[in-house]
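Please look at the sequence and the model first.

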Amino acid sequence: PEIKNDTSPCLWQSPEKPSKQAVDTYEVWKEGVFYACEQSISHHTDALSEALAERLRGQRDVNLTEVAQQACQKVAKCESKKAKANPDPKAAGST
């Protein structure tokens, strides 16, 4: 959304929490965020947990945002595009 208010994605920093109504209200963008996480992060929870624990174990001054981003990209492959289900056009009946 262009206007950031209590119904906007909470992916940006704000000193106030969204209201209970904003959290409980269905919105298409919320469904999109949920689906994206479900299709990437949730399929790699064990590997992510291991990678994060290994990276953070015994560390004090760690940039958590950077560590989380790296784990997401390397372990959960959050930025990867899915391979096409059938990359061979001949197999799909095209000539």
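**Questions on the fold and its contacts**

Student: Which salt bridge does Lys20 form, and how far apart are the closest N and O atoms?

Tutor: This is a predicted model, in which local features need pLDDT of at least 70 and side-chain atom pairs count only at pLDDT 80 or more, while totals for chains, interfaces and linings use all residues. Residues are numbered from 1 along each chain as its sequence is written, and side-chain values use heavy atoms, without hydrogens and water. A salt bridge here is a side-chain nitrogen of Lys or Arg within 4 Å of a carboxyl oxygen of Asp or Glu. Lys20 forms one with Asp24, and their closest N and O atoms lie apart by 2.9 Å.

Student: Why are Lys20 and Asp24 separated by about one helical turn?

Tutor: Helices are DSSP runs of H or I with at least four residues, strands are runs of E with at least two, and both are numbered from the N terminus. Lys20 and Asp24 are separated by about one helical turn because they are four residues apart in helix α1 (residues 20–24).

Student: How many salt bridges does the rule give?

Tutor: Besides the pair of Lys20 and Asp24, Lys30 forms a salt bridge with Glu27, with the closest N and O atoms 3.3 Å apart. By this rule the count is two.

Student: In what order do the elements of the chain run?

Tutor: The chain has four helices and zero strands. From the N terminus on, the order is α-α-α-α.

Student: At roughly what angle do the axes of α3 and α4 cross?

Tutor: Axes are lines fitted to C-alpha atoms, for helices over the stretch in contact, and angles between N-to-C directions run from 0 to 180 degrees. The axes of helix α3 (residues 45–56) and helix α4 (residues 64–74) come within 10 Å, and the angle at which they cross is roughly 145°.

Student: Is Leu48 buried or exposed?

Tutor: Leu48 lies in helix α3. Buried means under 20% relative accessible area, exposed over 50%, and partly exposed in between, with a 1.4 Å probe and protein chains only. The relative accessible area of Leu48 is 9%, so Leu48 is buried.

Student: Leaving aside neighbours within four places in sequence, which residues is Leu48 in contact with?

Tutor: Contact means heavy atoms within 4.5 Å. With its neighbours within four places in sequence left aside, Leu48 is in contact with Ile41, Ala71, Cys72, Val75 and Ala76.
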